[in-house]
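Please keep the sequence and the model in view while reading.

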Amino acid sequence: MADVNIDVENFEGQRKVADDLQFQDIPHDAFVNDKGKVQTHTFTDFPPTAESDEEDVYDKTQLIKDESKTGSPSFWTFEYYQQFFDVETKQVLYRIAGSMVPSPRSNYLQTTIRPNPDLYGPFWICTTLVFTTAIAGNMASYLSVEGKDFTWKYDFHKVTFAATAIFSYWWLLPAMLFGFLWWRGSKANYTFLEILCIYGYSLSIYIPISILWVVQFEWLQWILVMVGAVMSGGVLVITLWPAVKDDTKKTAWIVIILIFLCHTSLAVGFKLYFFNAAAPQISTQTSSAPVITKFPTTPHPTSKQQNKKTLVAATNTNLPKYTRSRLKNSTLKRNRVIYKTTKKPM
């Protein structure tokens, strides 16, 4: 037979532990300390249950659906355009400063515009340039005729012309360039929004220049034209060169030269239309003498000869009776006119 050894001490220890795990009635006073304060316990970590897991999955699904709805807003909603104006003031100021200083070592688009091109800065730059150009142009016109014997009136058409020229340049040139790059299959991946942003910020240099154009010195005005065109045009050329350099050499240089010439033409147009010397206006001194118009009082030298020919034709029997009567009537009327013009006043 096999020997069986029973550990009595271990068995009694396990039985004692089991007795300690039994439910016991503990009085409420046991949780009150010596100072009379009640000690409470807060349970924060609960084990997960099947119901809570299902709720988490449902919440995640709803969140994904909401994000998918708000991720791509409709073209006709305000949220769609709000993303183009999501920019801070520091970024706008930094982009304005970068658009005035060309740097061959850095690309303005890659270092300043990407990855968040905006329309907030370009829109307000164009709007400000419209008013500064129109107001400064009228001031220059007033200063050019001050002290002279000419009247001066504010030209409101300059505001309309400035707005048309500036906003057309801001939208049409980028659209044409983007269409050309798309047609030629450019690999630079320049988006229309990025080109629009670049052109908008490139106009910022003309705001201070338009104010300085008020100074009536022709040589200074033309120097400002060249400075603005070279500095901001240089930023455009350096920034847009990677988009056309993969094309043929001739095509790339033609496009770059056209970009610079269009930008320079805008500055020259500002100078010639808004800040050129004003043409003389109508004088304020008007003559009070009445205007007398004299009419001739003598008949036409060929009127009598014509009447004789008409009378001869009227007596021609070969003509129809209706035609002869018309000739006589016309002759009588002509004679009355001659008599009235030759009659002297009493």
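Helix 11 (residues 249–274) has 26 residues and should span 38 Å at 1.5 Å a residue, which agrees with the 38 Å between its end C-alpha atoms; the expected span is 1.5 Å times one less than the number of residues. The model is predicted: local features need pLDDT of at least 70 and side-chain atom pairs pLDDT 80 or more, while totals for chains, interfaces and linings use all residues. Residues are numbered from 1 along each chain as its sequence is written, and side-chain values use heavy atoms, without hydrogens and water.

Among the buried residues of helix 11 are Thr251, Ala252, Val255, Ile256, Ile259 and His263. Buried denotes under 20% relative accessible area, exposed over 50%, and partly exposed the range in between (1.4 Å probe, protein chains only). An α-helix has 3.6 residues a turn, so residues three or four places apart point the same way. The buried residues of helix 11 pack against helix 6, helix 7, helix 8 (192–202), helix 9 (206–212) and helix 10 (218–244), a contact being heavy atoms within 4.5 Å.

The chain has 13 helices and 0 strands; helices (H or I, at least four residues) and strands (E, at least two) are DSSP runs numbered from the N terminus. Buried residues make up 26% of the 346 residues in the chain. Of the contacts with a separation of 6 or more, 73% join residues 24 or more positions apart.

Tyr154 lies in the loop between helix 6 (120–145) and helix 7 (157–184). Its relative accessibility is 32%, and Tyr154 therefore counts as partly exposed.
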